[in-house]
Amino acid sequence: MKELVNFIARTLAEEPEEVEVHAAEDHVIELRLAPDDVGKIIGRRGKTAKAIRTLLSVGGGGWDLDIAGHGEDDDEDDDGGDDSGDEDEDDQD
């Protein structure tokens, strides 16, 4: 299943070299790609992602798909700080 998702994602992505596919032990395939390609993989109203999930369910094994752009889900962990923007409030006075 991992190979199928990898093939589909690389075919649809404008930056196929950025595509990473990892199969987790809990039967979730994690798909990471360039932030600009996330919308292409999800598709209009999620239709492309739903189609990929349908292929995974037909293939059996109870696999699910998790899609993320590189750096989108780990921005808060990079510096361990608060990204609330408090330091910018002084500039607005």
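Analyst: Happy to! Let us begin with His 27, which sits in the loop between β1 and β2. Its phi is positive, about 60°, although His 27 is not a glycine. One note on the source: this is a predicted model, in which local features need pLDDT of at least 70 and side-chain atom pairs count only at pLDDT 80 or more, while totals for chains, interfaces and linings use all residues. Residues are numbered from 1 along each chain as its sequence is written, and side-chain values use heavy atoms, with hydrogens and water left out.

User: Why is His 27 called partly exposed?

Analyst: The relative accessible area of His 27 is 33%. Buried means under 20%, exposed means over 50%, and partly exposed is in between (1.4 Å probe, protein chains only). The value for His 27 falls in between, so partly exposed is the label.

User: What makes Arg 45 count as exposed?

Analyst: Arg 45 has 80% relative accessibility, which is over 50%, so it counts as exposed. Arg 45 is in the loop between α2 and α3, and it too has a positive phi of about 60° without being a glycine.

User: What are the helices and strands in the protein chain, and how many are there?

Analyst: There are three helices and three strands, in the order α-β-β-α-α-β along the sequence. The names come from DSSP runs numbered from the N terminus: helices are H or I runs of at least four residues, and strands are E runs of at least two.

User: Why is Leu 33 called buried?

Analyst: Leu 33 has a relative accessible area of 0%, which is under 20%, so it is buried. Its place is in strand β2, residues 28-33. For the protein chain of 93 residues, buried residues make up 25%.

User: Which residues is Leu 33 in contact with, leaving aside its neighbours within four places in sequence?

Analyst: They are Glu 18, Val 19, Val 38, Ile 41, Ala 68, Gly 69 and His 70. Contact here means heavy atoms within 4.5 Å. The C-alpha atoms of Val 38 and Ala 68 are 6.8 Å apart, although 30 residues separate them along the chain.

User: What makes a group of residues a nonpolar core?

Analyst: A nonpolar core is a set of buried Ala, Val, Leu, Ile, Met, Phe, Trp, Tyr and Cys residues joined through side-chain atoms within 4.5 Å. The largest one here has 16 residues, and Val 5, Val 19, Leu 31, Ile 41, Leu 65 and Ile 67 touch the most other members. Two or more residues come from each of α1 (2-12), β2, α2 (35-42), α3 (47-58) and β3 (64-69). In soluble globular proteins, nonpolar side chains tend to be buried together.

User: How do you know that Lys 40 forms a salt bridge with Glu 14?

Analyst: A salt bridge needs a side-chain nitrogen of Lys or Arg within 4 Å of a carboxyl oxygen of Asp or Glu. The closest N and O atoms of Lys 40 and Glu 14 are 3.6 Å apart, so the pair qualifies. Lys 40 is in helix α2 and Glu 14 in the loop between α1 and β1 (20-23), so the pair ties together parts 26 residues apart in sequence.

User: How many salt bridges does a search of the whole structure find?

Analyst: It finds two. Arg 53 also forms one with Asp 64, where the closest N and O atoms are 3.4 Å apart. Arg 53 lies in helix α3 and Asp 64 in strand β3, so this pair ties together parts 11 residues apart in sequence.

User: Why does Asp 37 have no salt bridge?

Analyst: Asp 37, in helix α2, is buried, and the nearest side chain of opposite charge, Lys 40, is 5.4 Å away. Lys and Arg count as positive and Asp and Glu as negative, while His and the chain ends are not counted. The side chain of Asp 37 does have a polar atom 3.1 Å from the backbone nitrogen of Glu 15.

Terms used
Polar contact = N/O pair within 3.5 Å; in protein donor to acceptor, adjacent residues only side chain to side chain.
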